[in-house]
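Me: I want to know what stands behind the labels put on this model. Take me through them one at a time.

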Amino acid sequence: ICELKRRGLKVGVTAVSPKVIVNLLETALEAAKKQGLDLRAVHRQSGEYEGKWGIERKTAYPAIRSQLGDGGIDVLGATPWCWARPEFEQSVDVLIVDEAGQMTLSNVLAASPAGPGLILLGDPQQLEQPLPSSHPEGSEASPLSHLLDAPATLPPHTALFLRATPPSP
């Protein structure tokens with residue numbers, strides 16, 4: 001997220017739950033602080049943010065969309081319901097899907113018009129999304145499973161592997 005900001009790109013973040021979204025936003029803000037980078041993060045959710053990283057919470061779609069357009073937001077975290085809205089089409093340069101091994105393909109496809117770039121983070125061997133689905137057979141699988149054809153062990157040329165999982169903030 002910090003590198004995308006340095007390149008002047010607007011970033012969106014989505015995931016299966018608000019808690020996962022906040023975790024990624026907090027991690028990005030912590031990294032930005034260490035790098036001396038000014039990163040303005042907004043989470044599309046009601047209520048007060050109680051963490052230490054200064055995530056602003058907003059609920060009004062028009063105001064959020066306007067701030068994305070004028071550069072008032074560097075990174076917006078929101079559920080797929082926000083990103084699937086017509087007014088958010090092409091609103092960011094890159095949409096990051098965290099825990100993409102748990103999100104259904106249908107949710108990722110619904111959110112994907114938000115921007116031309118899509119980054120899927122996660123483990124394709126992760127448990128499926130923990131919510132029941134009434135979609136056609138096969139659509140409960142994650143986008144990572146669809147893209148990678150879900151072999152038990154991924155070949156090195158299909159993914160970027162981390163040497164270690166970073167600790168949670």
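Predicted model: local features only at pLDDT ≥ 70, side-chain atom pairs only at ≥ 80, totals over all residues.

Me: What makes the span of α2 close to the expected one?
Reply: Helix α2 covers residues 18-35, which is 18 residues. From first C-alpha to last, α2 reaches 26 Å, and the expected value is 26 Å. Just after α2 comes Gly-36, with a positive phi of about 70°.

Me: Which residues of α2 are buried, and what do they pack against?
Reply: Val-20, Ile-21, Val-22, Leu-24, Leu-25, Glu-26, Ala-28, Leu-29 and Ala-32 are buried. These buried residues pack against α1 and against the strands β1, β2, β3, β4 and β5.

Me: How do you know that Lys-5 and Asp-74 form a salt bridge?
Reply: The cut-off is a side-chain nitrogen of Lys or Arg within 4 Å of a carboxyl oxygen of Asp or Glu. For Lys-5 and Asp-74 the closest N and O atoms are 3.1 Å apart, so the pair qualifies. Lys-5 lies in helix α1 and Asp-74 in the loop between α3 and β4, so the bridge ties together parts 69 residues apart in sequence.

Me: Why is Asp-74 called buried?
Reply: Buried means under 20% relative accessible area. Asp-74 has 7% relative accessibility, so it counts as buried.

Me: What makes Asp-74 and Arg-40 a salt bridge?
Reply: Their closest N and O atoms are 2.7 Å apart. The limit is 4 Å, so this pair counts as well. Asp-74 sits in the loop between α3 and β4, Arg-40 in the loop between α2 and β2, so parts 34 residues apart in sequence are tied together.

Me: How many salt bridges does the rule give?
Reply: The count comes to 7. Glu-3, Arg-6 and Arg-7 are linked in a network of salt bridges.

Me: How do you know that the buried residues of α3 line one face?
Reply: The buried residues are Tyr-61, Ile-64 and Leu-68. Seen down the axis of α3, they fall within an arc of 70°, so they line one face of the helix. They pack against β2, β3, β4 and α4. On the other side of α3, Pro-62 and Asp-70 are exposed.

How values were computed:
Residues numbered from 1 in each chain as written. Heavy atoms only, no water. Helix = DSSP H or I, 4+ residues; strand = E, 2+ residues; numbered from the N terminus. Expected span 1.5 Å × (residues − 1). Buried < 20%, exposed > 50% of the residue type's maximum accessible area, 1.4 Å probe, protein only. Contact = heavy atoms within 4.5 Å. Arc of directions from axis to C-beta.
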